[in-house]
Amino acid sequence: MAWYCSGSTNSELIENLSRTGLIKDERVKKAMLGVDRAHYAPSRPYSDSPQPIGHGATISAPHMHGHACEYLIDFLLPGSRVLDIGSGSGYLTHVLANLVMGASSANGTTGQVIGVDHIPELVDLACDNMRKSKQGRSFLESGSVKFVTADGRLGWKEGAPYDAIHVGAAAEKLHPTLVEQLRAPGRMFIPVDAEYDGRAEGSLELGGGQYIWVVDKREDGSIHKEKVFQVSYVPLTDRPGT
Ligand code: SAH
């Protein structure tokens with residue numbers, strides 16, 4: 001599939017992902033068309049595959065970025081507040097900002113996306129990448145997008161509650177602090193080690209694997225979790241050297 005969905009330009013890549021059904025939502029497609037992956041992926045930016053960005057991190061494949069946005073889309077509205085944990089290259093943070101900054105919101109609040117990474121060099125890289133476009137510079141200057149260095153397993157309390165939380169690295173468990181920082185209603189997209197729910201233990205599943213969980217906090221505060229598909233992400237860890 002990867003070869004088929006790649007492109008020689010950003011728009012060719014996104015159009016191919018759309019044509020093959022890997023991106024279905026028109027708002028997500030438009031938001032991804034608005035961010036040139038070449039600003040974020042140093043090699044093969046228009047290939048539908050993950051690419052190394054240094055410090056043991058990778059920029060995820062574009063179809064994964066598309067899936068993440070589509071699972072969260074009902075919570076990515078003009079004015080929404082979003083936390084992007086493991087922001088790495090900053091690509092998805094920019095796409096998320098396109099989704100929440102589109103127009104002024106119904107209740108007059110301004111959207112904001114906060115990217116969190118625990119490697120300061122990657123936080124600097126994300127800022128540098130975003131400054132490559134006029135729109136990215138204006139998001140940073142207005143504070144609509146902010147990158148912070150922190151342990152994402154603790155979320156970013158200062159900006160909570162969030163309408164949507166995206167986690168871009170595999171967690172050992174559904175960290176309760178992250179669920180606490182969700183607004184009611186709100187939704188989190190998080191890859192979690194398969195061992196978390198006990199089912200993979202002692203089973204034949206190779207390496208246990210990781211699964212995306214979609215966690216909904218409903219208006220009444222109740223929590224609903226759904227395990228949706230298997231993935232392969234770098235782990236959410238302690239900062240190297242700590
Ligand atoms: N969404 C990013 C994914 C980057 S890879 C992109 O597509 O570019 C995962 C990222 O998670 C890495 O940048 C890594 O530094 C970060 N990470 C790992 N453990 C973390 C932790 N405990 N807190 C914050 N970030 C973490």
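**Exercise 1. Find the neighbours of strand β8 in this predicted model and decide whether the strand is buried or exposed.**

*Solution.* Start with strand β7: β7 and β8 run antiparallel and are joined by eight bridges. For a landmark along this pairing, take M188, whose bridge partner in β8 is V215.

Next, turn to the other neighbour. Strands β8 and β9 are also antiparallel, with eight bridges between them. Here K217 has I223 of β9 as its bridge partner. The two strands form a hairpin, with five residues between them, and G221 in the turn has a positive phi of about 90 degrees.

Now look at the side chains. In a regular strand they alternate between the two faces of the sheet. In β8, Q210, I212, V214 and D216 point one way, while Y211, W213, V215 and K217 point the other way, and all are buried. Buried here means under 20% relative accessible area. Eight of the eight residues in β8 (residues 210–217) are buried, so the strand is largely enclosed by the rest of the structure.

**Exercise 2. Work out the strand order of the seven-stranded sheet and name its edge strands.**

*Solution.* Trace the sheet from one side to the other: the order is β5-β4-β3-β6-β7-β8-β9, the pairing is mixed, and the sheet is open. The edges are β5 (145–149) and β9 (223–231), each of which pairs on one side only. From one strand to the next, the twist averages 15 degrees.

For a parallel example, go to β3 (residues 81–85) and β6 (residues 162–167), which share four bridges. V82 has A164 as its bridge partner in β6.

**Exercise 3. Describe the surroundings of T93.**

*Solution.* First place the residue: T93 belongs to helix α5 (residues 91–100). Then check its accessibility; the relative value is 0%, so T93 counts as buried. Last, list its contacts. Leaving aside neighbours within four places in sequence, T93 touches D84, S87, V113, G115, M130, V145 and F147.

**Exercise 4. Which residues are linked into a cluster by ring pairs, and where do charged ends sit over rings?**

*Solution.* Begin with the count: there are three aromatic pairs. One of them, Y71 with F189, is tilted, at 6.0 Å centre to centre and 45 degrees between the planes. This pair links distant parts of the chain, since Y71 is in helix α4 (residues 62–72) and F189 is in strand β7 (residues 182–193), 118 residues apart.

Compare the accessibility of the two partners. Y71 counts as partly exposed because its relative accessibility is 30%; F189, at 0%, counts as buried. Ring pairs link Y71, F189 and F229 into a cluster.

Then look for charges. The charged end of K227 sits over the ring of Y211, 4.2 Å from the centre. R37 lies over the face of Y91, at 4.6 Å from the ring centre.

Technical notes:
Residues are numbered from 1 along each chain as its sequence is written. This is a predicted model: local features need pLDDT of at least 70, side-chain atom pairs count only at pLDDT 80 or more; totals for chains, interfaces and linings use all residues. Side-chain values use heavy atoms; hydrogens and water are left out. Two strands pair if DSSP finds at least two bridges between them. Axes are lines fitted to C-alpha atoms, for helices over the stretch in contact, and angles run from 0 to 180 degrees between N-to-C directions. Buried means under 20% relative accessible area, exposed over 50%, partly exposed in between (1.4 Å probe, protein chains only). Contact means heavy atoms within 4.5 Å. Rings of Phe, Tyr and Trp (its six-membered ring) pair if their centres lie within 6.5 Å; planes under 30 degrees apart count as stacked, over 60 as edge-to-face and the rest as tilted. A charge sits over a ring if NZ of Lys or CZ of Arg is within 6 Å of the ring centre and within 35 degrees of the ring normal.
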